[in-house]
Amino acid sequence: MCKAMSLLSKLKCITVDVTGTLIAYKGELGDYYCMAAKAIGLPCPDYKRVHEGFKLAYTDMAQKYPCFGFHAKMPNIVWWKTCVKDSFVKAGYDYDEETFEKVFRRIYSTFGSAAPYSVFQDSRPFLRWVRSKGLIVGLVSNAEYRYQEVILPALGLNKGEWDFGVFSGIEGVEKPDPRIYKMALERAGNLAPDEVLHIGDSMRKDYVPAKSIGMHALLLDRFKTEAAKDWREAGAIVLPDLVAVQQLLESDKLKS
């Protein structure tokens, strides 16, 4: 019998999710909204309420205007302005137009910078290792255009670390739609799905759609989530970080 090839020797590309996989938010999103209000001299809003308000507002906007308003031809800043305004309203804070404009400007510029994010320590070394193996690196993310243009470069994740990105706000398709993964295969040079491994942190958005089109996939559980047990039971390979991914790929234990 012929020996199964190790997965690494078959791969031509590795695609990686961004938030939760390569980078993380520092603190809760609501914190930044409250800090912006405080910075212009308003009494500090209730953090928890604003954070819950944001979750509702974001879900609402993502349903009405998916991909950050791509199909509605809504400018990115307008999408976020509506979402932020609604976050405060849902939390019980209805600022007048002028006041809200000042708060929003601060929030929008904060999230267009490196400030609210941190890069996991193993992210850059892992991406460099992948490229040292002669593989293509792609990013697949439900994110707006500023991730590609501003945020990732500001975090030191420059084009030197990755070859192409597929961002939902630019493409008009978002996970878990398998088409975003098909786009990644095209960008990588029309590769066959089984020549690509996708790494993410969501069973629904990363693992299932990537596997559904024939890609290899594995999940990271950086924050020891409850769901990870279910992921393993469903047959997914779940690892604590990218160091473990590299070790597994180098060990030749992953057969294709």
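This is a predicted model: local features need pLDDT of at least 70, side-chain atom pairs count only at pLDDT 80 or more; totals for chains, interfaces and linings use all residues.
Visitor: In which order do the six strands of the open sheet lie?

Guide: Strands are DSSP runs of E, at least two residues, and helices are runs of H or I, at least four, numbered from the N terminus. Two strands pair if DSSP finds at least two bridges between them. Here the order is S5-S4-S1-S6-S7-S8, with parallel pairing. S5 (164-167) and S8 (238-239) stand at the edges with a single partner strand each, so one side of each has no neighbour in the sheet.

Visitor: Which residues cover the two faces of S6?

Guide: A residue is buried under 20% relative accessible area, exposed over 50% and partly exposed in between (1.4 Å probe, protein chains only). In S6, Val196, His198 and Gly200 lie on one side and Leu197 and Ile199 on the other, all buried.

Visitor: Which residue of S7 stands opposite Ile199?

Guide: That residue is Leu218; four parallel bridges join S6 to S7 (residues 216-220). S1 also pairs with S6 over four bridges, and Cys13 stands opposite Val196.

Visitor: Which residues of helix H10 are buried?

Guide: In H10 (residues 179-187) they are Ile180, Tyr181, Met183, Ala184 and Leu185. These pack against elements including S1, S4 and S6, where contact means heavy atoms within 4.5 Å.

Key. Residues are numbered from 1 along each chain as its sequence is written. Side-chain values use heavy atoms; hydrogens and water are left out.
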